Amino acid sequence: MILGPVSHNEYPPVAQGGLNPSGEMRKRLDLYANIRPAKTRPGLPPRCGKPVDLIVVRENTEGFYADRNMFMNTGEFMPTPDLALAVRKITREGSTRIAETAFTLAMQRPRKKVTAVHKANVLRVSDGLFLECTRAVAKRYPQIEYDEQIMDAMAALLVRDATRFDVIVTTNMFGDILSDEASEISGSLGLAASLNAGHEHGVAQAQHGSAPDIAGKDRANPASLIGSTA
């Protein structure tokens, strides 16, 4: 399936009948892997000097994203008008299968390297579980070079030298941030492909969002959606 860019903020709240089509499809079809390559293309120089060729493998159905981490209602709530809380969901199943996806992809690439990105120095329980599962999968792939980076350091390292990395695996929100950064460093977020994949279904979706400000001006570039479909 192919899903065009949508403006999530334009949808009304779920209580008023609004549904985020991207989140709903990922949840209902169990599209647990968001695969986002970042690769420098001919004619478009990389932003930070060196060519980029990496893939961010992002867990797609858990994490802090409130529309896909609860069975009923959302993971954000306000006990009082002055207190907002958010719940982060990390499971052993979700962490294991996204790690399996990353290592399977790495086996198909020349460098055969996986980097797990986390914040376990602060989120010791939730990211601790993610790392425990990823390390267990890594032991089953002795051919793959494996290392770990803390999220904030990783954001800086991508800018310094993205050529150090091959396949990056991480949780939902961290992967969303890092994949946009990596795509922009490689040349342009506007060319960034993205695939939402599960065991039985796949949905191609441009990595970028919608751009209503240029609607009808014959300026929109379809390269990202075409690349996603490919």
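Before you start, note that the model is predicted: local features need pLDDT of at least 70, side-chain atom pairs count only at pLDDT 80 or more, and totals for chains, interfaces and linings use all residues. Residues are numbered from 1 along each chain as its sequence is written, and side-chain values use heavy atoms, with hydrogens and water left out. Helices (H or I, at least four residues) and strands (E, at least two) are DSSP runs numbered from the N terminus.

**Stop 1: the sheet**

Colour the strands and follow the order S1-S10-S9-S2-S3-S8-S6-S7, an open sheet of eight strands with mixed pairing. Two strands pair if DSSP finds at least two bridges between them. Which strands stand at the edges? They are S1 (2-3) and S7 (145-150); each has a single partner strand, so one side of each is left without a neighbour in the sheet.

**Stop 2**

Select S1 together with S10 (residues 202-205): the two pair in the parallel sense over two bridges. Ile2 has Ala204 as its bridge partner in S10, and Leu3 has Gln205. A hairpin of four residues takes the chain from S9 to S10.

**Stop 3**

Move to S6 (113-118) and S7, which run parallel and are joined by six bridges. Pick out Val117 to find its bridge partner in S7, Gln149. Then show H3 (residues 126-138): S6, H3 and S7 make a right-handed β-α-β unit. A crossover is right-handed if, with the strands pointing away from the viewer, the path from the first strand over the helix to the second runs clockwise.

**Stop 4: helix H2**

Select H2 (residues 92-107), which lies across S2 (33-39), S3 (53-59), S6, S7 and S8 (167-170), running at about 160° to S3. Axes are lines fitted to C-alpha atoms, for helices over the stretch in contact, and angles run from 0 to 180 degrees between N-to-C directions. Contact means heavy atoms within 4.5 Å.

With H3 still shown, see how H2 packs on H3 at an angle of about 40°, their axes 8 Å apart. To look at this contact, select residues including Ile98, Ala99 and Phe103 in H2, and Leu129, Phe130 and Val137 in H3. By class, the contact has eight nonpolar, three polar and three charged residues. Nonpolar covers Ala, Val, Leu, Ile, Met, Phe, Trp, Tyr, Cys and Pro; charged covers Asp, Glu, Lys and Arg; the others, Gly among them, are polar.

**Stop 5: H4 and H5**

Finish with H4 (residues 151-161) and H5 (residues 172-186), whose axes come within 10 Å and cross at roughly 10°. That makes H4 roughly parallel to H5, a label for angles under 35 degrees. Among the residues that meet are Met151, Met154 and Leu158 in H4, and Phe174, Ile177 and Glu181 in H5. This contact divides into ten nonpolar, no polar and one charged residue.

Terms used
Parallel < 35°, antiparallel > 145°, perpendicular 65-115°, else oblique.
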